[in-house]
Amino acid sequence: MPPLSSGARSLVRKRCGRSSLLAFPSQAYQSRFTPFLVRVYASRGVRSRLRRLGARSPLDAALLDPDLASFAGWVRAVVEPRFRSGLEVMAKRVAVERLSTGSLGLDRLLGGGLEAGYVTEVAGEFGAGKTQLCHQLAVMVQLPREKGGLSGKALYIDTEGTFRPERVLSMARFRGLDPELALESVLVVEAREELELLSAVASARSSEARLVVVDTLVAPLEVGEGVEALARRQYALSRLLRMLREAAAGGRVVVVANRMSMDKPAGGLALSLGCHYGLLIRKLGGSRRLVELVRAPHLPAGFAPVVIEEEGVLDA
């Protein structure tokens, strides 16, 4: 990493002092967040205390929990932007891998499938088919690339006890995979409490899985009354989504299932702004569903009709 500018050094030393600067290692951080070079400095003795509190990366130390406000004066983050040309960005976009959903119509709606490196929200009312699609993606990711998969494993974070191995078996059988091997390649973590969910999502950043599913994200978060409870919930959501974006930046497809609240996806702006793509599943009666693309950086809004059968989520 290039040396800090004199102005940046002055900013860091103003509070911490010349003789007590300690830098967090940042090479791994740079590989996940390419647009910025970030260094975080802490006064001597503070760094070890931060690590004990869970600050494993520069970003964890820089974005301190409100409960750790006493450390705020002793930690400094210096962000140096790294510029890239439009051609470089285009070359990176061309190389993005895509995971087929198992439905040709839904793949066309998404411009070829779910993109690795990005977070996709799948919202819908109870029984709309969110979990069915999540199960199918856990199977599809195991297929070879020529069949729309990523030849990888799936990490399934189950917060409501809705994971059903029977569905994986039937879907894998339909896709031509060995059912038992397919089930073995789905790593399931039960996270019914907020701390369990935070731990599971944090571990996803170093997981070998090519697909990370959270079904559903908002379920374990406490729902209290008043402005403070709402602010805390929104902060928890933002923190979870930041870690999920980190996991996605490692070349993974990240899918977040979300329930409905007052006819709108739960989580508010924190969740909608934290996900790159948004899908909404609507019931049409019987096994028929309509999947709507409600949010995408470069794709027009549209619809894809599907049906939910024993074999999975298929084209209508």
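The following legends describe close-up views of a predicted model, taken region by region.

Residues are numbered from 1 along each chain as its sequence is written. In this predicted model, local features need pLDDT of at least 70 and side-chain atom pairs count only at pLDDT 80 or more, whereas totals for chains, interfaces and linings use all residues; side-chain values use heavy atoms, with hydrogens and water left out.

**Figure 1. Overview of the chain and its twelve helices and 16 strands.** Helices (H or I, at least four residues) and strands (E, at least two) are DSSP runs, numbered from the N terminus. Of the 316 residues in the chain, 48% are buried; buried means under 20% relative accessible area, exposed over 50%, and partly exposed in between (1.4 Å probe, protein chains only). Among contacts in the chain with a separation of 6 or more, 68% are between residues 24 or more positions apart, a contact being heavy atoms within 4.5 Å. The accessible surface of the chain amounts to about 15700 Å², and carbon and sulfur atoms contribute 56% of this area. Accessible areas come from the Shrake-Rupley method with a 1.4 Å probe; for residues, only the protein chains shown count as cover.

**Figure 2. The aromatic pair of Tyr118 and Tyr277.** A pair of aromatic rings is described by the distance of the centres and the angle of the planes. Rings of Phe, Tyr and Trp (its six-membered ring) pair if their centres lie within 6.5 Å; planes under 30 degrees apart count as stacked, over 60 as edge-to-face and the rest as tilted. The count by this rule is two aromatic pairs. In the pair shown, the ring centres of Tyr118 and Tyr277 are 6.2 Å apart and the planes stand at 85°, so the arrangement is edge-to-face. Tyr118 belongs to the loop between β5 (114-115) and β6 (119-124), and Tyr277 to strand β13 (residues 277-285), so that the pair links distant parts of the chain, 159 residues apart. Tyr118 is partly exposed, at a relative accessible area of 22%, whereas Tyr277 is buried, at 4% relative accessibility.

Figure 3. The C-alpha atoms of Arg245 and Tyr118 are 6.8 Å apart in space, while the two residues are 127 residues apart in sequence. When residues up to four places away in sequence are not counted, Arg245 touches Val119, Gly274 and His276. Arg245 is partly exposed, with 32% relative accessible area.

**Figure 4. Strand β13 with its partners β6 and β14.** Two strands pair if DSSP finds at least two bridges between them. Strands β6 and β13 run parallel and are joined by five bridges; Glu121 has Gly278 of β13 as its bridge partner. Strand β14 (residues 288-295) pairs with β13 in the antiparallel sense, over seven bridges, and Ile281 stands opposite Val291 of β14. A hairpin is formed by β13 and β14 with two residues between them, and Gly286 in the turn has a positive phi of about 65°.

**Figure 5. The salt bridge between Glu292 and Arg282.** A salt bridge is a side-chain nitrogen of Lys or Arg within 4 Å of a carboxyl oxygen of Asp or Glu. The whole structure holds 13 salt bridges. Here the side chains of Glu292 and Arg282 meet at 2.9 Å, N to O. Glu292 lies in strand β14 and Arg282 in strand β13, ten residues apart. Glu292 is buried at 15% relative accessibility, and Arg282 is partly exposed at 39%.

**Figure 6. The salt-bridge network of Arg93, Arg98 and Glu115.** In the bridge between Arg93 and Glu115, the closest N and O atoms are 2.9 Å apart. The pair links distant parts of the chain, with Arg93 in helix α5 (residues 86-94) and Glu115 in strand β5, 22 residues apart. Arg93 is partly exposed at 23% relative accessibility, whereas Glu115 is buried, with a relative accessible area of 3%.

**Figure 7. The salt bridge between Arg259 and Glu160.** The closest N and O atoms of this pair are 2.3 Å apart. Arg259 lies in the loop between β10 (253-258) and β11 (260-261), and Glu160 in the loop between β7 (154-158) and α8 (165-174), so the bridge ties together parts 99 residues apart in sequence. Both residues are partly exposed: Arg259 has a relative accessible area of 34%, and Glu160 has a relative accessibility of 35%.
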